Amino acid sequence: MNYFLSRARRHPSFIVGVFLCLCLGAAALVSFVWLSGVAFEVRMDQKLMLPSQQYWLGTDALGRDVALMLLAGSRSSIMVGIVAVGIGLGIGVLLGLWAAAAKGWTEEIIMRACDFSFAFPAILLAIMITAVWGPGMINAIIAIGIFNIPVFARITRASAQTIWSLDYVLAAGACGKGKFRITIDHVLPNIMAVLIVQATIQFALAILAEAALSYLGLGTQPPEPSWGRMLSDAQSLLFQAPRLAVFPGVAIALAVLGLNLMGDGLRDLLDPKMSRQR
Amino acid sequence: MIAYLFRRFLTLLATLLGAAAIIFIGLDLLPGNASQILMGADADPEAVKALAQQLGLDRPAIERFAEWLWGLSHMELGNSYAYSAPVAELILQRMSVTVPLALMAMSITTLLALTAGVYAASKQNQAGDVGIMGLSQLGVAIPNFWFAILLILLFAVQLNWLKAGGFDGWDEGVWEGFKALILPAVSLAVVQAAILARITRSAILEVLREDYIRTARAKGLGAQSVLWGHALRNALIPVVTVMGLQFANLLTGTIVIENVFYLPGLGRLIFQSIANRDLIVVRNCVMLLTIMVVVVNFIVDLLYVVIDPRIKSHQS
Amino acid sequence: MSANNISLLRVNNLRVLVPTIAGNLQAVRGIDFNLNAGETLGLMGESGCGKSLTALALMGLLPQGSRASGEIWFQNQNLLQLNESQLCQLRGNRIAMIFQEPMTALNPVHTIGHQVAEPLRIHQQLSKRDALDRTAELLNRVGIDSSRHRIHAYPHQFSGGQRQRIMIAMALACSPDLLIADEPTTALDVTVAHKVLDLLHTLAEQNGMGLILISHDLGVMARHVQRIMVMYGGQIMEEGTTPSVLSRPAHPYTQGLMASRPHWNGQQSTYSSQSNSRPRLKNIPGQVPALHQMPLGCPFADRCTFAEYDCHRSLAPIRSLDQTHLMRCRKKV
């Protein structure tokens, strides 16, 4: 652990990434705790004000505090990110482990299904689902989650396969250890690093996907705030209040950037085999 | 070799068939009575039944599915409920916007990414490399629709060089059409280029570490010859893979970007049809997008065989 | 076996610095040696003793971050003072090198004809057809049959032994004056290995080419080289003709190496019922010091049974035991 920390300290982009992620987390926490009950009151008399001491980033078309909206928007992003990636991780890893352990027909079927679902990009899937079941955060989560399943299944199977072919695992099998036990004891711990890195990256992608869906009106619905929807609202006011289109985008970019940097850094630091001259 | 191609083609057809089935199930069977959805929850049951009959919804699912597949094979796609026009016509019209847009975006991406990637690899860890990699990190983190909005802000609002959206049709002249598509294409391209540049750079660096590069240098080849003659072709394999995958992203990106710029393209058609509950249009458009994605991946597989001679042998 | 006494290569005080976490450290610490035209010199030592780096330094192919200093005189030029384009003119042309891993040393997307013809086209400006003709000849010489046909084949269609032969053909294409072979047979089966080495030997003889053969295998050295240099910890510890070094090893390290070979005296059997009667294999106790822990004096001092006080403090000077046999040791012989 100390070794990890000392190497981490010498990795500037990782530190920046972690910092940004902590900011994101802090924003979400703050908005959960402090703003949770606060309805975003519509105060038409305060609309479209410039940044000032009272409203750090100004107000939007309905008089709401932009800064507070941004903080609250992090809630949707994080929630979608965590649950969607969680779904993908949970089901995908199980499928991948199963495919790697079972081999033969089971593996073929699972992998064909995954390859097949890659033909349906995430947004398309999300649009189909929301077309049928209606827009909303839950459906957005389901759509993004479904898309994550084959991603994790693929990468789990690939990594698990290399572990399965290692000598000591073959030996364990020869000694009579069951496939399930081998998976739990040997395979899973060794692929954790890869999974953590991938999860971070998928989290970033989930945030982008949620933003896009909300922008289109298919994701998080009002009154729950969302960065994507803030951007769509801002677009109609582009000539009057251009600044409104800048802040939410910056928020999204910083969140995604932080996650990406952290993921890349983790990749460099966690697995010596994965680390390479950058 | 022929056998390999034939097998891949069969896989392609099978994939399309499976995709069609899933699309049909997802958009036709699952939602329940389509005519009910079209007319709303508290419509008159008689009217709903009449519409259902008119749309042919009372026939068995397999029959409807087969009919649809047959229609797909010769562009007989039925009529749109919302537009009262043949779906095929609608789609073709929209394609005249989306296809040029996608091609423009793909060209910009390829050009930007390959040059940036090769350059960054040749200047590894120096200023040029760090700069390009930093930019690409930024590019990956930016939502493409936000970048589009920023572009509009700059070029339409501030500079007033281009319009903030809309597309008047190619009849107004190729140049006008081009101007309308340039901002959308750039916003689609930049994010993809960022990803592709990183892949290109790391693919080349990876290849430069291989033993055969050392052999090439030991033969007296200079740095440039090594890069272009030996490294690049080996690096193309992962690059082409990603480009194929990116095409799918590109197509779905058009759904969002066409909305940002109010372009009358395929993406916007899908979106509007969803709002109109015009499921027949949605179904066909989604199928079309899927066909395009699968075909592009097929082409990528073909390119592999051309690039890497080992693949042919593995298959035989 | 005639070796002219024309000096081909003179290396003076070659040092190679490599970057490590602990800073730039010397992996090759001042070695000198000569090679005449037509001679075969063996460079022997364990992993990490600096022999590969020496070879790469000769070619100017040190990995990024490493630096070489000293002098490498080859055909009246100091290779260490040439710029990259001048070195490119020499590589594959007058000096060639073959490497250890034949399976990965050839570019998988080009035909072997293309790759073997490349040095011919660059250095001798042959046309594509002429180069391919010559390539077919070369491949024949190294034992690849039906070479006319095989020119259009890809590396993955050949075995390891064949690929190493292709590498040899490629290296010899422009008839270089000096060939460096870095552990060319380590990755090959024993029978294949000796065939490849015999081939190298024959070709070197036929062309009057100087050959530096690097290996850690005593057997290879014994059969295929005329002179041996023993390296340890970045230094040359002993140098001499093969019979001399192998039968009368003078340096304690060489003596240790010779003693640790397994002996078969006909009566031993692994299935002997009295397992205690088998003599133990001898080894040299201790380990090669890590780069950043190199002692001031002789790198072998800590493991040497004859080490004296001075040995730990400074390197011994080079002593001649006879006309050709040299060693770097204070031990009385």
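Met97(C) is in contact with Ala218(B), Ala55(C), Met59(C), Ala171(C), Ile180(C) and Asp182(C), leaving aside neighbours within four places in sequence. The residue is found in strand β6 (residues 95-98) of chain C. The model is predicted. In this model Met97(C) has 27 C-beta neighbours inside 10 Å and therefore counts as buried, the cut-off being 20 or more.

**Met97(C) and the nonpolar cores**

- The largest nonpolar core has 153 residues. Those with the most contacts inside this core are Ala126(A), Ile144(A), Ala209(A), Ala212(A), Val256(A), Ala148(B) and Ile270(B).
- Another core, of 92 residues, lies apart from the largest one. Among its residues are Ala218(B), Met97(C), Leu213(C) and Val245(C).
- Ala148(B) touches Leu183(B), Pro184(B), Ser187(B), Ile257(B), Val260(B) and Phe261(B), with residues up to four places away in sequence not counted.
- Met97(C) and Pro252(C) are 155 residues apart along the chain, and their C-alpha atoms are separated by 31 Å.

**Contacts between chains**

- Two pairs of chains touch, and the pair with the most contacts is A and B.
- Between chains A and B, 28 residues of chain A are in contact with 35 residues of chain B.
- On the side of chain A that touches chain B, the elements giving two or more residues are α5 (122-133), α8 (179-216), α9 (227-235) and α10 (243-270) of chain A.
- The most is given by α10(A), with eight residues.
- By class, this side of chain A has 25 nonpolar and three polar residues, and no charged residues.
- Chain A and chain C are joined by no contact; their closest C-alpha atoms lie 12 Å apart.

**Helix α8 of chain B**

- Helix α8 (residues 174-208) of chain B has 35 residues, and its end C-alpha atoms are 44 Å apart.

**Sheet in chain C**

- Four strands of chain C form an open sheet in the order β2-β1-β4-β5, with antiparallel pairing.
- The edge strands are β2 (23-36) and β5 (77-78) of chain C, each of which pairs on one side only.
- Strand β1 (residues 7-20) and strand β4 (residues 67-74) of chain C pair in the antiparallel sense over seven bridges.
- Leu17(C) has Arg67(C), in β4(C), as its bridge partner.

- Most residues other than glycine have a negative phi.
- Tyr262(B) is not a glycine, yet has a positive phi of about 55°. Its place is in the loop between α10 (223-261) and α11 (266-275) of chain B.
- Asn76(C) is found in the loop between β4 and β5 of chain C.
- Asn76(C) has 5 other C-beta atoms within 10 Å and is therefore exposed, the cut-off being 12 or fewer.

Notes:
Residues numbered from 1 in each chain as written. Chains lettered and ligands numbered in written order. Predicted model: local features only at pLDDT ≥ 70, side-chain atom pairs only at ≥ 80, totals over all residues. Expected span 1.5 Å × (residues − 1). Contact = placed C-beta atoms within 7 Å. Nonpolar A, V, L, I, M, F, W, Y, C, P; charged D, E, K, R; others polar. Core = buried A, V, L, I, M, F, W, Y, C linked by C-beta atoms within 7 Å. Pairing = 2+ DSSP bridges.
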